[in-house]
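Hi,

Here is the structure I said I would pass on.

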Amino acid sequence: MADTAVLAAQTPTVEGKARPGDAALTARLAALDLPQGGFTRAARADAAERLQAMGLPGARDEYWRYTDPAAFNAPKATALDIPARESTLFAEIDRLKLVFVDGRFDADASDDLAGEGLEISTLATADAGDHWAAAFYGKLETEGQTPVKRPFAVLNTLAAVDGVLIRVTGQVARPVHLIYRRADAAADVMVHHVVALEEGAELTLLETGALGARSNAVLEVDVAKGARFHHIASKRADDAKVGIGHIFARVGEAALFKSFSLAVNGEMMRNEGVIQILGDDAVAHIAAAALGDGSTGKFHHDDTVFITHAAERCESRQVFKKVLKHGANGIFQGKILVKPGAQRTDGYQISQGLLLDEGSQFLAKPELEIYADDVKCSHGSTTGALDETALFYLRSRGVPREQAIVLLVLSFLADALDEIEDDRLRDDILGRLDEWLTSRAAS
Amino acid sequence: MLEIKNLHVKLEEEDKQILKGVDLTVPAGEVHAIMGPNGSGKSTLSYVLSGRDGYEVTEGEASLDGEALLEMEPEERAAAGLFLAFQYPVEIPGVGNLTFLRTAVNAQRKARGEEELSSAEFLKVVREKAKTLQIDADMLKRPVNVGFSGGEKKRNEILQMAMLEPRMCILDETDSGLDVDAMRLVAEGVNALRSPDRSFLVITHYQRLLDHIKPDVVHIMSNGRIIKTGGPELALEVEKNGYGDLLAEAN
């Protein structure tokens, strides 16, 4: 593993010429305290090389056309001026709680790392000797670099300090809940989680709370044959202002992958979902709802998804909804790639922006690339205002305007929320969303 | 109950006068029908009374139990006791019919300073009323009007009316898109709500709905005005001879 000094001293070049972003990369790396790595040592060294080769993205990169990477490139995080609040989401649900403070696992605040059908350890403690996660750490991320480069995920593999490593061997009914808290107002957090579901296993992973002032999170998920993985993440307005997250998933034969995320936060947020469907008859759904209000500062939320179908008779579904007001920006870049031989693929993608005023914008870039001939793929994207007729209908029944708008926003988000299979979890999210919308309805 | 005086209305977006001086009084407990050819302004009248955007009142007034209607927000009019059964009920995906009904009922109770209904109380009442309209549990659970047939949508309108217990009900072409059986069911629902302190304004093209909902008074509307008012026999006359004679007479 190359240490900081070595990396910083190198002047990365392509064919001997310095590139525009090289100085930024050097500065970015110099500001990090790079872990030595145990079982991750090889992966981190490899990441260091890959990162030097690809560099950090600039505003001219096609993949970064709609989102300026400057805030992720900056060497330091900007301190938050909003107080941290503890989320009570999922509090009523029996779950295994794992607490991270400023991105570091807090054993005292967490439940015991044990559960039937589960093997849990944390990256900072486990990253000494051998570990099962060596087969996954940075591996899924590396696979996800083709055909599009994702430098911040590479940076994460190189520099992640902590995270959770979960091996699931059975059907686990009790969800694992990652609770993020922040203590330091300027915490610049990098977490890297690995979840491996063995054949026929099942797990629900919940994520809530504030990772830090700035965050870079990677979640690598391997869903083996017949296994089922459910993921639900919720980010509140005071959680973080700048963040980038990547989910790299590998979905095996007859396996199921479902991810839903809710975000009401962010000056500058980008979530990338990179899903490879590798086994026949598998199902992968990824959905998100983002609600942005630019009145309390900038709001920019980018969902970027890349789903690869490499097997037969698989189903994929992307459902992305954004509700924007007061100059908020919503971005969606979604791609379905159907590889040769991935016959009878059923791919679906919808992205929709609901603009509550004229100052907001929603940009969508849906893409299909298909190399098989017996395939059903559809995509749609809409941007629009509230349906005035529906608003009048509700008001004519006596529902006040603000409350009617809340109902119509929930109506707009319904398809995305429906991607949460568990009724209790969905109702909990829905209740919180309703509360949040109602509390801000007048603004 | 409902009093409309010299109501003139134009479209907000264009210079088009739709209502050109409507005078109409519906006393408590009565059922009035408005008939008239397409484009005569019947639906506009119902929208203006219930407060839909897009219209501009240039002259005249309308009141419900002495309260000026036209200055109120749509939700205030609803709380004051006005109800419009839509010609085309709106689909609202993702919002359950029950949630919608309970939100509406409680919003109105709140506006009137009454206690909100508890879940249990509400469910008991809604199930009872749904049953008489042959609305099953599944229809109550489904998103508002989504995937409902024409008849189901109209029955759902009547269910909302039954739950909200308005004093003044406007039915805008409630018979459109209904077969004979569905029409009978809807009419029965309406008739069950008739009472001495509730009035109805039934807007329709055809006399057939009025076979089931017997009006006390029939108005003929044309070109933005009420051109003739009479008893139920007026509807029969229209059915027999069309609007031609009446229009000629009015001109």
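Start with Arg250(A) and Glu143(A): their side chains form a salt bridge, with 2.6 Å from N to O. Bear in mind that this is a predicted model. The arginine sits in strand E13 (residues 242-251) of chain A and the glutamate in helix H6 (residues 139-143) of chain A, so the pair ties together parts that are 107 residues apart in sequence. Over all chains, the structure holds 45 salt bridges.

Thr146(A) and Pro147(A) are joined in cis, with omega at about 0°. Pro147(A) belongs to the loop between H6 and H7 of chain A. You'll find Arg344(A) in the loop between strand E19 (329-338) and strand E20 (345-355) of chain A. I flag both spots because most residues other than glycine have a negative phi, and most peptide bonds are trans.

Next, a helix pair. Helix H3 (residues 41-54) of chain A packs against helix H7 (residues 151-159) of chain A at an angle of about 145°, and their axes are 8 Å apart. The crossing of H3(A) past H7(A) is left-handed. On the H3(A) side, the residues making the contact include Ala43(A), Ala47(A), Leu51(A) and Met54(A), while H7(A) brings Val154(A), Leu155(A) and Leu158(A), among others. What classes of residue make up the contact of H3(A) with H7(A)? Ten are nonpolar, one is polar and two are charged.

Now for the interface between the two chains. Chain A puts 18 residues into the contact and chain B 30 residues. Together they bury about 1,900 Å², and carbon and sulfur atoms give 65% of that.

As for where the chain A side comes from, the elements giving two or more residues are helix H8 (388-396) and helix H9 (401-417) of chain A. H8(A) has the largest share, eight residues. By class, the side of chain A that touches chain B has nine nonpolar, five polar and four charged residues.

That's what I have for now.

Cheers

Technical notes
Residues are numbered from 1 along each chain as its sequence is written. Chains are lettered from A and ligands numbered from 1 in the order in which they are written. This is a predicted model: local features need pLDDT of at least 70, side-chain atom pairs count only at pLDDT 80 or more; totals for chains, interfaces and linings use all residues. Side-chain values use heavy atoms; hydrogens and water are left out. Axes are lines fitted to C-alpha atoms, for helices over the stretch in contact, and angles run from 0 to 180 degrees between N-to-C directions. Helices (H or I, at least four residues) and strands (E, at least two) are DSSP runs, numbered from the N terminus. A crossing is left-handed if the near helix is turned anticlockwise from the far one by less than a right angle, and right-handed if clockwise. Contact means heavy atoms within 4.5 Å. Ala, Val, Leu, Ile, Met, Phe, Trp, Tyr, Cys and Pro count as nonpolar, Asp, Glu, Lys and Arg as charged, and the others, Gly among them, as polar. Buried area is the accessible area (1.4 Å probe) that two parts lose on being put together, summed over both. A salt bridge is a side-chain nitrogen of Lys or Arg within 4 Å of a carboxyl oxygen of Asp or Glu.
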